[in-house]
Amino acid sequence: MQHDSSQFFSLAGTAVLVTGAARGIGRAIASRCAQAGASVFLGDLDENEGEKVADEIRRLAGSDSAAAFLRLDVTSPESCDAAVLAVMEKSNGATRLALVNNAGIGKAGTVVSLGAAELEREWRVNVLGAWQLAERIIPHMLELGNGRIVNIASIGGVVGIPERAAYCTTKFAVVGLTKSIALDFGARGITCNAICPARVLTGMAEARIEEAADPEAARKLMNATQIAGRMVDPDEVAALAQYLLSTEAAMVNGSTYNIDSAWSAGHTPTA
Ligand SMILES: NC(=O)c1ccc[n+]([C@@H]2O[C@H](COP(=O)([O-])OP(=O)(O)OC[C@H]3O[C@@H](n4cnc5c(N)ncnc54)[C@H](O)[C@@H]3O)[C@@H](O)[C@H]2O)c1
């Protein structure tokens, strides 16, 4: 069979809501989706940065419908209602619908040092946020007869990470949510998969470095957790997201994809 490679993983005709899209991994995913032909809705708390990114995407795509910013707090049911409504109202021509649950937060510490309040704070963004948006968008996907959900979990949702007790707890839950959605809606055209990156060079990683007692040592260690000796580039995560959102990935469902440069394979970092 002959294939035109310029058509691989096309997202033409797809409306994609990406949460946490004002920076980091979400920004890279939003940009890639637009380059692949999607109409992208960038949901984020950060209105200033989010509007700038949407503007840049529209300019690069040369199309006003390539991107729109939506102020979104994934922890708020009302805000999730409004975001999904806006996507449905503004994506009239779209025949395919997708959600990327990317917004996430984390803080270093153990079950003793963090306390339950930190677990609750992270749970509300990382788990409840993804749940609330899936809950609202899946009925529209069922109406359309297709849907793609990609949850950005973490390698901390596959293996434990020292001093990341609340984060790992929530990211394992994101993987559980992913598999549940896949099983419950897979027979009706919806797929749900999780991407589990190791250290990605974004604001979140920079904050972890700044929090450390010795930031330079922390940076070396974070580079060394990947056997390649560097952190993951946000666009390396976006490339996999594009594939999972595409029609080519129709039979990929309920899976977790590690982008961790052999960390979970047993690599022992030596900084
Ligand atoms: N950076 C890493 O090393 C790494 C590794 C593995 C997984 N991840 C996961 O990838 C995702 C993105 O990480 P990042 O490094 O790009 O983060 P980041 O901190 O650079 O960006 C996160 C974005 O989410 C937004 N956000 C936070 N709370 C929100 C809320 N309640 N509602 C809407 N938006 C909100 C922020 O405003 C920000 O723009 C997260 O889920 C994170 O856990 C990151």
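This is a predicted model: local features need pLDDT of at least 70, side-chain atom pairs count only at pLDDT 80 or more; totals for chains, interfaces and linings use all residues.
Residues are numbered from 1 along each chain as its sequence is written.

Let's begin with the domains. The protein chain splits into domain 1 (11-197 + 233-258) and domain 2 (201-231), with bounds that come from an automatic or database domain assignment. Their centres, taken over C-alpha atoms, are separated by 24 Å. Seven residues from domain 1 and six residues from domain 2 make up the contact, where two residues count as touching if their C-beta atoms, placed from the backbone, lie within 7 Å. On the side of domain 1 that touches domain 2 you'll find three nonpolar, two polar and two charged residues. In this scheme Ala, Val, Leu, Ile, Met, Phe, Trp, Tyr, Cys and Pro count as nonpolar, Asp, Glu, Lys and Arg as charged, and the others, Gly among them, as polar.

Now for the ligand. There are 30 residues around it, and Gly20, Gly24, Gly104, Thr202 and Met204 come nearest; a residue is near if its C-beta atom, placed from the backbone, lies within 6 Å of the molecule. Both domain 1 and domain 2 give at least three residues to this shell. Helices α1, α5 (116-144) and α7 (203-211) each supply at least two; helices are DSSP runs (H or I, at least four residues), numbered from the N terminus. By class, the shell has 13 nonpolar, twelve polar and five charged residues.

Those helices also pack against others. Two packed helices are described by the angle between their axes and the distance between the axes. The axes are lines fitted to C-alpha atoms over the stretch in contact, and angles run from 0 to 180 degrees between N-to-C directions.

Take α1 (residues 24-35) and α2 (residues 47-61): they pack at about 25°, with axes 10 Å apart. That makes α1 roughly parallel to α2, since angles under 35 degrees count as roughly parallel, over 145 as roughly antiparallel, 65 to 115 as roughly perpendicular and the rest as oblique. Arg27, Ala30, Ser31 and Ala34 of α1 make the contact with Val53, Ile57 and Ala61 of α2. Sorted by class, that's five nonpolar, one polar and one charged.

Next come α5 and α6 (residues 165-185), packed at an angle of about 15° with their axes 8 Å apart. These two are therefore roughly parallel to each other. Among the contact residues are Trp123 and Trp131 of α5 and Tyr167 and Phe185 of α6. The contact of α5 with α6 divides into 14 nonpolar, three polar and three charged residues.

Finally, the axes of α7 and α8 (residues 215-224) come within 7 Å and cross at roughly 135°, so α7 and α8 are oblique to each other. Here Ala205, Arg208, Ile209 and Glu210 in α7 meet Pro215, Ala218, Arg219 and Met222 in α8. This contact has five nonpolar, no polar and three charged residues.
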